[in-house]
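User: I'm new to this one and would like to know what the terms rest on. Can you walk me through it?

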Amino acid sequence: MEFGGDTGLWQRKIAESKEGVARRLVTIEALTLLTGQSILDVGCGGGHLVKEIGLAVGETGKVVGVDSSPEQLESATLLCEGFPQIELVNGSATDLSIGSGSFDSVASIQVLDYVPDVDTAIGEMRRVLRPGGKVALISVLWDHWRFHGADPILNERIFEVWRDHCKHQMLPLEMPMKLSKVGFQGIVQKPIGFINSHMHSNAFAYFASKLVAAFAVSKGIAQEDALLWLRQLADADKSGDFGFVSMPVLTSAVAS
Ligand SMILES: C[S@@+](CC[C@H](N)C(=O)[O-])C[C@H]1O[C@@H](n2cnc3c(N)ncnc32)[C@H](O)[C@@H]1O
């Protein structure tokens with residue numbers, strides 16, 4: 001999935017929702033940041049985590065946000081204005097073009113799910129970390145990411161198509177093995193699952209439903225079917241039958 005246009009906008013709205021904030025909180029906790037540290041955020045999106053880390057490490061520290069989407073970086077640049085310790089770079093998770101051993105920690109929230117060569121990306125993270133440096137990575141158990149309340153047959157059709165929006169459906173289950181192979185130890189996993197039982201106008205599910213419908217149309221689902229699905233979810237919300245479930249997982253580890 002590309003993160004330009006409306007997709008990028010809805011993704012940034014998701015980052016600002018309560019659940020988006022919660023993901024950054026657990027990530028920051030896992031990194032135990034200190035003033036003056038150097039931190040890398042791979043796939044920084046709209047820059048929310050970069051800015052929060054920038055506040056923690058201060059002007060004696062450094063935060064680099066890398067993203068492959070120029071539109072996401074444009075938003076991140078606006079958000080991070082006035083922070084000399086923040087550098088935003090257009091680049092790829094699989095080729096960071098950064099010197100080895102440069103960072104105290106690397107963070108990445110819901111990015112590796114989209115990277116075809118995820119092993120190379122994890123190898124790059126290990127390479128740019130100093131020994132003893134930490135990673136905090138969030139990826140999602142997509143098989144358990146579900147809207148409830150629409151007609152079950154239409155819901156299934158939409159979700160069959162949605163599987164294609166990323167490369168790795170169940171990456172958290174593979175992370176411990178992948179991290180230990182490239183020299184990480186002390187691997188800990190923490191589920192940060194949540195449910196939305198309503199689609200209020202700042203709910204994760206509200207923006208996620210728009211993302212899913214637009215992606216489904218881009219992959220051949222008829223526009224009227226996608227709109228019907230959205231209406232069914234809205235009706236279910238009114239009648240109390242709506243539900244959205246997600247199971248992101250934080251994986252943290254230390255570079256040996
Ligand atoms: C779901 S968004 C998450 C953004 C941000 N980490 C957050 O939590 O709000 C995924 C981000 O990863 C970026 N991305 C996807 N593949 C990438 C790659 N191979 N290298 C760098 N960034 C990538 C996208 O452009 C997008 O901004």
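**Around the ligand**

Analyst: Of the 20 residues around the ligand, the nearest are Ala15, Gly43, Gly45, Ser69 and Ile109. A residue is near a molecule if its C-beta atom, placed from the backbone, lies within 6 Å of it. This is a predicted model: local features need pLDDT of at least 70, side-chain atom pairs count only at pLDDT 80 or more, and totals for chains, interfaces and linings use all residues. Residues are numbered from 1 along each chain as its sequence is written.

User: Why are helix 1 and helix 8 called roughly antiparallel?

Analyst: Their packing angle is about 160°, with the axes 9 Å apart. Axes are lines fitted to C-alpha atoms over the stretch in contact, and angles run from 0 to 180 degrees between N-to-C directions. Angles over 145 degrees count as roughly antiparallel, so helix 1 is roughly antiparallel to helix 8.

User: Which residues of helix 1 meet helix 8?

Analyst: Asp6, Thr7, Trp10, Lys13 and Ile14 do, and their partners in helix 8 include Phe204 and Leu211. Contact means C-beta atoms, placed from the backbone, within 7 Å.

User: What makes strand 6 an edge strand of its sheet?

Analyst: The open sheet has three strands in the order 6-9-8, with antiparallel pairing. Strand 6 (146–148) and strand 8 (194–196) each have a single partner strand, so one side of each is left without a neighbour in the sheet.

User: How do you know that strand 6 and strand 9 pair?

Analyst: Pairing takes at least two bridges found by DSSP. Strand 6 and strand 9 (residues 243–246) have three bridges, in the antiparallel sense, so they pair.

Definitions and conventions. Helix = DSSP H or I, 4+ residues; strand = E, 2+ residues; numbered from the N terminus. Parallel < 35°, antiparallel > 145°, perpendicular 65-115°, else oblique. Contact = placed C-beta atoms within 7 Å.
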